[in-house]
Amino acid sequence: MRRLAVTIAAVLGLLVTAVAAVPASAADNPYQRGPAPTLASVAATRGTFATAQMTVSPGNGFNGGTIYYPTDTSLGTWGAVAIVPGYTARFADEEAWMGPWLASFGFVVIGVETNSRTDFDTARGTQLLAALDYLTQKSPVRTRVDPNRLSVIGHSMGGGGALVAAERRPALKTAVGLAPFKPSGNLAADRVPTMIMGGTADTTVTPSYLDGLHATLPASTENAYLQLTGANHLFPTKPNTLEMRLLIPWLKTFVDSDTRYPQFLCPGPADPTGIASYRGTCPYLPAA
């Protein structure tokens with residue numbers, strides 16, 4: 001009998017150890033979406049979710065745009081991303097490719113057309129926040145969006161706008177500047193997890209400019225700063241797998257608090273191909 005009791009205790013110990021070794025599941029994180037990621041899946045041009053889109057009319061503080069969203073209604077709400085283009089550009093012409101791509105990975109995306117193509121970073125930041133407010137409060141998909149898990153992305157002057165939005169609304173989960181230009185000032189007030197991505201061949205927003213901008217981030221602000229080898233200023237304006245295999249893990253980490261994704265960014269990019277330099281505040285600790 002004693003031998004049987006010892007055997008049972010040993011088996012139970014093994015079971016406890018095995019359960020403890022199981023990675024965090026959707027039960028542990030209600031925001032986790034999609035299957036376990038792999039290096040191939042984060043670099044894929046589509047995720048696992050079917051998507052749809054709708055047009056947004058001008059008004060509500062910005063000049064309209066397009067919403068892209070997962071059609072699945074069985075998993076609860078989704079985190080959201082607002083994207084704004086660069087100086088003189090239109091989202092529909094340059095960043096629209098990102099909408100269905102990100103939506104298929106489990107985000108609601110609103111692509112923002114600016115009130116004026118010559119709006120500076122501060123105006124673009126205001127319009128990004130207006131777009132998020134519309135998305136969560138008035139849009140036809142508002143019930144699909146978690147208003148507590150919002151983020152912003154912008155290119156060039158729009159990248160500066162994303163960083164302005166982060167300063168103005170510290171409750172944002174993350175901000176991403178793609179070759180960001182921020183004439184309104186430095187990043188000393190930024191408390192939002194921030195990714196800055198540039199290109200080594202960018203002669204408009206140069207690597208040295210981004211070096212200086214990144215250096216003004218507070219040491220306590222989670223961030224990643226990387227330069228893409230040979231990329232010029234227009235790298236975000238057409239489908240770019242390299243950009244997205246870095247951006248998707250970043251959004252999953254900070255918008256969805258998905259602990260399955262920092263492995264692709266820490267201690268450095270899991271696939272460093274095409275990345276000239278990378279600095280990050282690893283380990284990334286998404287909010288609970």
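Helices (H or I, at least four residues) and strands (E, at least two) are DSSP runs, numbered from the N terminus. This is a predicted model, where local features need pLDDT of at least 70 and side-chain atom pairs count only at pLDDT 80 or more, while totals for chains, interfaces and linings use all residues. Residues are numbered from 1 along each chain as its sequence is written, and side-chain values use heavy atoms, with hydrogens and water left out.

**Overall**

The protein has eight helices and nine strands. It has 288 residues, and 52% of them are buried. Buried means under 20% relative accessible area, exposed means over 50%, and partly exposed is in between (1.4 Å probe, protein chains only). The accessible surface comes to about 12,100 Å². Carbon and sulfur atoms hold 58% of that surface. Accessible areas come from the Shrake-Rupley method with a 1.4 Å probe; for residues, only the protein chains shown count as cover.

Contact means heavy atoms within 4.5 Å. Take the contacts in the protein with a separation of 6 or more: residues 24 or more positions apart account for 70% of them.

Ala165 lies in helix α6, which spans residues 157-168. Ala165 counts as buried because its relative accessibility is 0%. Beyond residues up to four places away in sequence, Ala165 touches Gly125, Leu128, Leu129, Val152 and Leu172. Ser151 is 14 residues from Ala165 along the chain, and their C-alpha atoms are separated by 9.3 Å.

Helix α7 covers residues 207-214, and Leu210, Leu213 and His214 are buried there. They sit on the same side of α7, because they cover an arc of only 95° around the axis. The arc is that of the directions from the helix axis to the C-beta atoms. What covers these buried residues? The cover includes α6, β7 (194-199), β8 (223-228) and β9 (275-280).

**Two buried loop residues**

Pro85 is in the loop between β3 and α3. Pro85 counts as buried because its relative accessible area is 0%. Not counting residues up to four places away in sequence, the residues that Pro85 touches include Arg90, Phe91, Glu95, Val112 and Thr114. Arg124, His155 and Gly158 are also among them. Met157 is 72 residues from Pro85 along the chain, yet the two C-alpha atoms are separated by 7.5 Å.

Trp97 lies in the loop between α3 and α4 (98-103). Trp97 is buried, with a relative accessible area of 13%. Leaving aside neighbours within four places in sequence, Trp97 is in contact with Pro236, Thr237, Lys238, Pro239, Asn240, Glu243 and Met244. Trp97 and Pro239 are 142 residues apart in sequence and 6.1 Å apart in space, C-alpha to C-alpha.

**Backbone features**

| Item | Angle |
|---|---|
| Cys266 and Pro267, cis peptide bond | omega about 0° |
| Cys282 and Pro283, cis peptide bond | omega about 0° |
| Thr88, positive phi | phi near 70° |
| Ser257, positive phi | phi near 50° |

Pro267 is in the loop between α8 (241-254) and β9. Ser257 is also placed in the loop between α8 and β9. Pro283 is found in the segment after β9. Thr88 is in the loop between β3 (78-84) and α3 (91-94).

Is Thr88 buried or partly exposed? Thr88 counts as partly exposed, because its relative accessibility is 42%. Ser257 is buried, with a relative accessible area of 13%.

**Empty space**

Rolling a probe the size of a water molecule over the atoms shows where empty space is left. On a 1 Å grid over the protein atoms alone, a cavity is a set of points where a 1.4 Å probe fits but cannot get out; lining residues have an atom within 4 Å of a point. Grid points are joined across faces, edges and corners, and a volume is the space filled by probe spheres set on the points.

How many cavities of 30 Å³ or more are there? By this rule the count is one. The largest cavity has a volume of about 30 Å³. Leu39, Arg245, Leu246, Phe264, Pro269, Ala270 and Asp271 line the largest cavity. That lining divides into five nonpolar residues, no polar ones and two charged. Ala, Val, Leu, Ile, Met, Phe, Trp, Tyr, Cys and Pro count as nonpolar, Asp, Glu, Lys and Arg as charged, and the others, Gly among them, as polar.

Notes
1 Å grid on protein atoms, 1.4 Å probe; cavity = no way out; pocket = protein on both sides within 12 Å on 5 of 7 lines; lining within 4 Å.
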